[in-house]
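Dear colleague,

I am handing over the structure below, with notes on what was found in it. Please read them with the structure open beside you.

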Amino acid sequence: MAEKRWIAETLFDELGFRMTFAVERVLYETRTEHQHLVLFEHKHFGKVLMLDGATQVTTRDEFIYHEMMTHVPILAHGRAREVLIVGGGDCGIAEEVLKHTSIARLTQVEIDASVVEFSKQHFPEFTAPVLSDPRFDLVIDDGMNYVAETDRRFDVIIVDSTDPQGPGKVLFTREFYAACKRCMAPGGVMVTQNGVPFFQPDELIASLRHLRELFADAACYVAAIPTYVGGHMAMGWAADDPQLRHLPVQTIADRYAEAGRFPTGYWTPEVHKAAFALPRFIAEHVAAAGQ
Ligand code: SAM
């Protein structure tokens, strides 16, 4: 029997650490205009998508990151109508956003059209409900250009980007965060994919330093995602109303009830609240960003 191919995540090569997957079948592999893309089947995680050697999404654990990047900012805001996703190619986040019937319009700005095209075939569980929803608006552009030029205003901005390498690098700059602030409606909230603090502390500290200069309240919350290896995943948080991060569980639960209590696999009102209680080493990174 032929030797199984193993595919390694190379994101942490500098640290001398690799997570490696035994591949059942490679479903798709190509170099797009912007990045290397490979999709393969894994016996435990199902379909696994990697861009430039970094795991983006797997069928088995996608719900954790997608729910926490969506329901936390939308239910904290409480009256969101206009939502912007920067990145989000596979449409997993968009699918969660559109579960909120109170959302009037969702705009997704993705730089790489081929990620969306290929997701139509390989992640229909995300793309089918999203692309058939009249509230959804897809823009193929660099997120930096879009937020710098748009005259629209958003209640919630979700930055579901790749890591700060290749096309994703600009999405971790002060210029990008300042342009996001410019197109945020009063009372708005922004959340960002901000890496795994145990392996990527500098990324979190740098982002929070920028966000602190631009917003009254900047912090992060965490979740544990098996294939974003390295322990807690940090999600950056920025808003001008510090209260939004300190809502009572009952308020969050009431808003969830109002939103129709759609099914979730990870997010609950209690988990929402607890996600902002940071382990000391991450809290120290957040504090370091203030110095
Ligand atoms: N959840 C994943 C993670 O945490 O690594 C990210 C998923 S999503 C596939 C990331 C998307 O960001 C990709 O489709 C990529 O093409 C897109 N992207 C990267 N840089 C971008 C940019 N400058 N503007 C817009 N989209 C960008």
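Isoleucine 7 counts as buried, because its relative accessibility is 8% (buried means under 20% relative accessible area, exposed over 50% and partly exposed in between, with a 1.4 Å probe and protein chains only). This residue lies in strand β1, residues 5-9, where helices (H or I, at least four residues) and strands (E, at least two) are DSSP runs numbered from the N terminus. Leaving out residues up to four places away in sequence, isoleucine 7 touches Met19, Thr20, Phe21, Val23, Val26, Val38, Phe40 and Met50, contact meaning heavy atoms within 4.5 Å. Isoleucine 7 and alanine 22 are 15 residues apart in sequence and 6.6 Å apart in space, C-alpha to C-alpha.

Before going further, please keep in mind that this is a predicted model, in which local features need pLDDT of at least 70 and side-chain atom pairs count only at pLDDT 80 or more, while totals for chains, interfaces and linings use all residues. Residues are numbered from 1 along each chain as its sequence is written, and side-chain values use heavy atoms, with hydrogens and water left out.

Histidine 77 lies in helix α1, residues 62-77, and counts as buried at 5% relative accessibility. Residues up to four places away in sequence aside, histidine 77 touches Asp155, Val156, Gly187, Gly188, Val189 and Arg255; from alanine 54, histidine 77 is 23 residues apart in sequence and 31 Å apart in space, C-alpha to C-alpha. Glutamate 96, in helix α2 (residues 92-97), is likewise buried, at 3% relative accessibility, and touches His66, Glu67, Thr70 and His71 when residues up to four places away in sequence are not counted. Histidine 272 is found in helix α9, residues 269-274, and is buried with a relative accessible area of 3%; apart from its neighbours within four places in sequence, histidine 272 is in contact with His71, Val72, Leu75, Ala76, Ile252 and Trp267.

Cysteine 91, although not a glycine, has a positive phi of about 70°; cysteine 91 sits in the loop between β7 (82-87) and α2 and counts as buried at 0% relative accessibility. Arginine 261, also a residue other than glycine, has a positive phi near 45°; its place is in the loop between α8 (249-258) and α9, and at 56% relative accessibility arginine 261 counts as exposed.

As for aromatic rings, a search of the whole structure finds 17 aromatic pairs, where rings of Phe, Tyr and Trp (its six-membered ring) pair if their centres lie within 6.5 Å, and planes under 30 degrees apart count as stacked, over 60 as edge-to-face and the rest as tilted. One of them joins phenylalanine 176 and tyrosine 177 in a tilted arrangement, with 5.9 Å centre to centre and 55° between the planes, and both of these residues are buried. Tyrosine 221 and tryptophan 237 form an edge-to-face pair, at 6.3 Å centre to centre and 80° between the planes. Because tyrosine 221 lies in strand β12 (residues 217-224) and tryptophan 237 in strand β13 (residues 232-239), this pair ties together parts that are 16 residues apart in sequence. Both tyrosine 221 and tryptophan 237 are buried. Ring pairs also link Phe12, Phe17, Phe198, Phe199 and Phe281 into a cluster.

Lysine 47 lies over the face of phenylalanine 123, at 5.9 Å from the ring centre, and lysine 181 lies over the face of phenylalanine 215, at 4.8 Å from the ring centre; a charge sits over a ring if NZ of Lys or CZ of Arg is within 6 Å of the ring centre and within 35 degrees of the ring normal.

Finally, the axes of helix α3 (residues 113-122) and helix α4 (residues 124-131) come within 6 Å and cross at roughly 105°, the axes being lines fitted to C-alpha atoms, for helices over the stretch in contact, with angles from 0 to 180 degrees between N-to-C directions.
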